[in-house]
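Thanks, everyone, for making the time. I would like to walk through one model with you, so please keep the sequence and the structure in view while I talk.

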Amino acid sequence: FDDPPPERLTPLPLKGAPPAARRSRIRGGCLDRPSALVAPPIIQAMRVFRGLRHPGLARPCALTIGNFDGVHRGHQAMLALLNNEAQHRGVPSAVLTFEPHPRDFFAARSGKPETAPARVATLRDKLAELERCGIDQTVVLPFDDALASHTPAAFVEDVLVAGFGARYVLVGDDFRFGAKRAGDYAMLDAA
């Protein structure tokens with residue numbers, strides 16, 4: 001059968017929509033392409049910053065940190081949780097990612113750039129996927145010698161507290177940070 005003309009479609013809100021419509025809207029915790037049964041959500045454009053020193057960067061925030069090379073379903077579930085926690089706290093959601101990828105940086109530094117893993121996505125693709133997942137702001141932090149030499153305590157103070165004013169930080173269990181990857185989840189949890 002033919003689809004009804006657009007003016008005859010009644011947009012259904014996600015809440016209260018039939019289960020089939022809800023399933024077609026949500027996949028892996030991020031908004032997917034809306035079906036004809038559901039009105040597309042109104043999503044504000046994600047703001048992108050290079051570095052931490054920008055007056056437009058909203059502080060405080062709920063933050064996650066990672067490379068997000070290929071925003072897979074695990075990332076999507078994590079980002080959905082981040083958005084939920086941000087909304088619960090009344091703060092924007094934020095992603096901190098790095099360019100170049102730390103493995104690219106260390107491979108080049110060791111004189112063996114060929115040992116860096118191949119990237120799944122370009123930075124532009126990564127940012128588009130983060131925006132599609134409803135993230136409010138993303139900071140692309142240049143990964144360089146200065147950042148690589150931060151102690152874990154300095155990273156927490158300079159980046160998480162002073163840079164983001166983070167009220168909530170979401171990372172994976174295997175998350176490592178700071179010089180020589182000395183910081184871990186337990187250290188972050190104690191901060």
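Let me begin with a question: does Arg181 count as buried or exposed? This is a predicted model, and in it Arg181 counts as exposed, with a relative accessibility of 54%. The residue is placed in the loop between β7 and α7, and although it is not a glycine, Arg181 has a positive phi of about 55°. As background, most residues other than glycine have a negative phi, and most peptide bonds are trans.

Phe68 sits in the loop between β4 and α2, but here the relative accessible area is 4%, so the residue is buried. To set the pair side by side, Arg181 is exposed, whereas Phe68 is buried.

On the subject of backbone geometry, there are also two cis peptide bonds to point out. One joins Arg59 and Pro60, with omega at about -5°, and Pro60 lies in the loop that runs between β3, residues 47-50, and β4. Another joins Glu99 and Pro100, with omega at about 0°, and Pro100 belongs to the loop between β5 and α3.

Let me step back to the overall architecture. The protein chain holds seven helices and seven strands, and following the sequence one reads the pattern α-β-β-β-β-α-β-α-α-β-α-α-β-α. Of the 191 residues in the chain, 37% are buried. If we take the contacts between residues at least 6 apart in sequence, 72% of them join residues that are at least 24 apart.

A straight helix of 13 residues would span 18 Å at 1.5 Å a residue, while α6 spans only 16 Å between its end C-alpha atoms. Which residues of α6 are buried? They are Pro152, Phe155, Val156, Val159, Leu160, Gly163 and Phe164. Viewed down the axis of α6, these buried residues fall within an arc of 140°, and so they line one face of the helix. The face of α6 that is turned away from the buried side carries the exposed residues Ala153 and Ala162. As for what covers the buried residues of α6, the list includes the strands β4 (61-65), β5 (93-99), β6 (137-142) and β7 (166-170), together with the helices α5 (145-148) and α7 (185-190).

Just after α6 comes Gly165, which takes a positive phi of about 60° and is found in the loop between α6 and β7. With a relative accessible area of 15%, Gly165 is buried. Leaving aside neighbours within four places in sequence, Gly165 is in contact with Pro60, Cys61 and Leu160, and Pro60 is the proline that a cis peptide bond joins to Arg59. Gly165 and Ala58 are 107 residues apart in sequence, yet their C-alpha atoms are 8.9 Å apart in space.

Which helix gives the most to the lining of the largest pocket? That is α3, with four residues, although α2 (73-89), α3 (102-109) and α5 each supply at least two. By residue class, the lining of the largest pocket divides into 16 nonpolar, six polar and eight charged.

There is also one cavity of 30 Å³ or more in the structure, and the largest cavity has a volume of about 40 Å³. Its lining consists of Asn67, Asp69, Phe98, His101, Arg119, Ala121 and Lys126, and these residues divide into two nonpolar, two polar and three charged.

Note on methods:
Residues are numbered from 1 along each chain as its sequence is written. This is a predicted model: local features need pLDDT of at least 70, side-chain atom pairs count only at pLDDT 80 or more; totals for chains, interfaces and linings use all residues. Side-chain values use heavy atoms; hydrogens and water are left out. The expected span of a helix is 1.5 Å times one less than its number of residues. Buried means under 20% relative accessible area, exposed over 50%, partly exposed in between (1.4 Å probe, protein chains only). The arc is that of the directions from the helix axis to the C-beta atoms. Contact means heavy atoms within 4.5 Å. On a 1 Å grid over the protein atoms alone, a cavity is a set of points where a 1.4 Å probe fits but cannot get out, and a pocket is an open set with protein on both sides within 12 Å along at least five of seven lines; lining residues have an atom within 4 Å of a point. Grid points are joined across faces, edges and corners, and a volume is the space filled by probe spheres set on the points. Ala, Val, Leu, Ile, Met, Phe, Trp, Tyr, Cys and Pro count as nonpolar, Asp, Glu, Lys and Arg as charged, and the others, Gly among them, as polar.
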